[in-house]
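Let's walk through a structure together, one feature at a time. Have the picture open as you read.

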Amino acid sequence: MTNEVLIIGGGPAGLTAAKSLADRGANVVLVERSESLGGMARELTCKGLVECRSCGACFAVDRASEILKEPSVEVLLMSEVISVRKGDAGYEAKVKVSPRYVTDDCIGCGKCVEACPVEGKAISPPKGTGQPRIHWIDKRKCLHFKKGECAKCADVCPTKAIDFEDRATNVTRKAASIVYATGIEPIGACEVSRLGCGVLEDVVSSVDAERILNEKGRLVRPSDGAAPKKVAVIQCVGSRSVKNGVDYCSKFCCKYATKISQLIMDVDPEVNLDFYFMDLRTLHEPQDEFKRWAKDKKTVRLIRSMPSVIQPGKDGKLVVKVATETDTEAQENEYDLVLLSVGMRPQGVSTDLAGSLGIKVDERGFAKASADLEAQGIHVVGAVSEPMDIEEAAVRAASAATRVKLTKEVAR
Ligand SMILES: Cc1cc2nc3c(=O)[nH]c(=O)nc-3n(C[C@H](O)[C@H](O)[C@H](O)COP(=O)(O)OP(=O)(O)OC[C@H]3O[C@@H](n4cnc5c(N)ncnc54)[C@H](O)[C@@H]3O)c2cc1C
Ligand code: SF4
Ligand code: SF4
Ligand code: SF4
């Protein structure tokens, strides 16, 4: 048994497991498929304009920065485990590291993005608040690779960080234990077609809303860039319905939607905001707090109802059709923008990799953690195992990390 641990997935759960294990003296290899660390959390915005609202969005950024400085954690970005073999001394994993075409010398100045002539840009910064802030080239879009005729990014780069000669490599890593933390994917709002996603421009998913808030500092209408004066927030989009997505409660969407609503009102107290919900499940926080907050705001209404359909109205407005709480009549309410609060599905559970590690799927599609699996040195952590928010993913990953067997403990 060695002190090496392989972690698959660099979201809040994988990062926390990496930190806890490094603190215990393990040598960790963290394999992350995307170009940066942070997982789904890197796509979230801070919801605390006036005071911290404990949304957890900053957690992933802080933890990712810590891990990047940690000498006993090797981070492999744009990487995937392509095979794992179990031997007497533990596991041997083959990892494919894809080329980024930008070296670690990148200082994130963004001059290359400005210079890139491709519509939609072939060179980009990491998503959201993802760490490190090293840019990357999408070979499928880049004119250098498609036509051999562009090097504008290399011409303007002040640190000579563009490397068109970068190539994919396969590396092998040995580990006594593996932590599986492949996380979640958001449910696509367009899977619920009756709510106008993809047809009505100003119907946005919560993932879109997070991005707009991150980029602009406030919510604006995609159609004309105007700040909306009447906003509807609709809960349980895709969750708690077999027909429209998944039958379980995604657990974190009431938490983030109440905080996004508060942020919208902090930015512009004149907004009229209607919050449609089936029941409020605000996780660790008492729902009364949000209800009291809403009552104090004269322009916020909490409406216990699930809208049936959203249609285009006059002058770019959106018409939300909804039954009243007593179900006796239907109402039509007009908005400038509608936000659909989407839930989640687990990611990477039905893959060959999960299968080769012996990871089983439960009846709702989540990866099953078990004592038997842990005895084999395989630990399933984070939201791939059941719906959970950032805080719970981190707490449970830290707890799972204490069960990973190491030969040599070094208390730090
Ligand atoms: C719209 C939305 C808003 C949310 N808002 C909040 C909020 O305000 N507060 C809150 O607490 N929670 C919020 N959440 C929930 C939060 O995002 C999750 O609880 C958290 O990200 C779970 O962490 P995780 O590490 O388990 O998974 P993830 O964050 O999904 O991380 C998994 C990582 O694994 C990587 N990966 C996947 N497969 C592989 C593979 N085969 N090889 C290598 N890497 C792989 C992924 O690229 C990803 O980086 C929100 C979720 C959504 C969808
Ligand atoms: S111009 Fe160079 S240093 Fe600046 S972001 Fe692009 S690659 Fe990085
Ligand atoms: S080579 Fe040209 S097309 Fe490719 S990323 Fe650089 S600027 Fe964009
Ligand atoms: S957390 Fe709230 S919005 Fe999300 S599925 Fe559960 S009840 Fe619906």
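Q: Which strands does helix α6 lie across, and at about what angle does α6 run to β11?

A: Helix α6 (residues 206–216) lies across β11 and β18, running at about 90° to β11. Helices (H or I, at least four residues) and strands (E, at least two) are DSSP runs, numbered from the N terminus. Angles run from 0 to 180 degrees between N-to-C directions, with axes as lines fitted to C-alpha atoms, for helices over the stretch in contact. One caution: this is a predicted model, where local features need pLDDT of at least 70 and side-chain atom pairs count only at pLDDT 80 or more, while totals for chains, interfaces and linings use all residues. Residues are numbered from 1 along each chain as its sequence is written, chains are lettered from A and ligands numbered from 1 in the order in which they are written, and side-chain values use heavy atoms, leaving out hydrogens and water.

Q: In what order do the five strands of the open sheet come?

A: Strands of a sheet pair through backbone hydrogen bonds, either parallel or antiparallel. Here the order is β11-β18-β12-β13-β14, with parallel pairing; two strands pair if DSSP finds at least two bridges between them. β11 (203–205) and β14 (300–304) are the edge strands, each pairing on one side only. From one strand to the next, the twist averages 20°.

Q: How many bridges join β18 to β11, and how many to β12?

A: Three bridges join β11 to β18, and five link β12 (residues 230–237) with β18 (residues 337–342). In β18, V338 is the bridge partner of V203 and also of A232, while L339 stands opposite V233.

Q: Which way do the residues of β18 point?

A: In a regular strand the side chains alternate between the two faces of the sheet. In β18, L337, L339 and S341 point one way, and V338, L340 and V342 the other.

Q: How many residues does the largest nonpolar core have?

A: In soluble globular proteins, nonpolar side chains tend to be buried together. A nonpolar core is a set of buried Ala, Val, Leu, Ile, Met, Phe, Trp, Tyr and Cys residues joined through side-chain atoms within 4.5 Å. The largest here has 80 residues, and I310, V338 and L340 are among those with the most contacts inside it. Helix α7 (residues 253–267) gives the largest share, eight residues.

Key
Contact = heavy atoms within 4.5 Å. Buried < 20%, exposed > 50% of the residue type's maximum accessible area, 1.4 Å probe, protein only.
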